[in-house]
Amino acid sequence: YFLLFTSLSLLILSHMDAIYSVVDPAPVQQFAKDSYRLIQSCTKPDKKEFAKIALATLVGFCLMGFIGFFVKLMHIPINNIILGV
């Protein structure tokens, strides 16, 4: 197993320059650094901020629900007129 693993790792290492010529690792490394910096700067919201976010989400859900309800409410009579039922 050791011989197989060693030969496989040497094969991969010998082809790394070919891989780097096709895929440039610099943008991926920069993305990883930026992502890590973003995660480190994030903080948990306090109680007031969480309540504000929860209220905004609740208002959004209710608004979308009412819009869907009224669209469906208007669709029923229009559908009955078109189909002549």
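Asp34 is partly exposed, with 33% relative accessible area, in this predicted model. The residue takes part in a salt bridge with Arg37, where the closest N and O atoms are 3.3 Å apart. That distance counts as a salt bridge because the cut-off between a side-chain nitrogen of Arg and a carboxyl oxygen of Asp is 4 Å. Arg37 has a relative accessibility of 54% and is classed as exposed, because the exposed class begins over 50%.

Helix H4 spans residues 47-83 and has 37 residues. From its first C-alpha to its last, H4 reaches 53 Å, close to the 54 Å expected at 1.5 Å a residue. Gly84 follows H4 and has a positive phi, near 70 degrees.

The structure also holds one aromatic pair. Phe69 and Phe70 form this pair, with 5.4 Å from centre to centre and 65 degrees between the planes. The geometry is edge-to-face, because planes over 60 degrees apart are put in that class. At 47% relative accessibility, Phe69 is partly exposed. Phe70 is likewise partly exposed, with a relative accessible area of 47%.

A nonpolar patch on the surface is formed by Leu63, Met64, Ile67 and Val71. Together these residues have about 410 Å² of accessible area. Met64 is found in helix H4 and is exposed, at 57% relative accessible area.

The accessibility values for individual side chains are collected below.

| Residue | Relative accessible area | Class |
|---|---|---|
| Asp34 | 33% | partly exposed |
| Arg37 | 54% | exposed |
| Met64 | 57% | exposed |
| Phe69 | 47% | partly exposed |
| Phe70 | 47% | partly exposed |

The mean pLDDT of the protein is 83, and 72% of its residues reach 70 or more. Helix H1, residues 2-14, has the lowest confidence, with a mean of 62. Confidence is highest in H4, where the mean is 93.

Technical notes: Residues are numbered from 1 along each chain as its sequence is written. This is a predicted model: local features need pLDDT of at least 70, side-chain atom pairs count only at pLDDT 80 or more; totals for chains, interfaces and linings use all residues. Side-chain values use heavy atoms; hydrogens and water are left out. Helices (H or I, at least four residues) and strands (E, at least two) are DSSP runs, numbered from the N terminus. The expected span of a helix is 1.5 Å times one less than its number of residues. Rings of Phe, Tyr and Trp (its six-membered ring) pair if their centres lie within 6.5 Å; planes under 30 degrees apart count as stacked, over 60 as edge-to-face and the rest as tilted. Buried means under 20% relative accessible area, exposed over 50%, partly exposed in between (1.4 Å probe, protein chains only). Patches are made of residues with over 30% relative accessible area and no salt bridge: like charges are joined within 9 Å, nonpolar side chains (Val, Leu, Ile, Met, Phe, Trp, Tyr) within 5 Å. Accessible areas come from the Shrake-Rupley method with a 1.4 Å probe; for residues, only the protein chains shown count as cover. pLDDT is the predictor's confidence in each residue, from 0 to 100.
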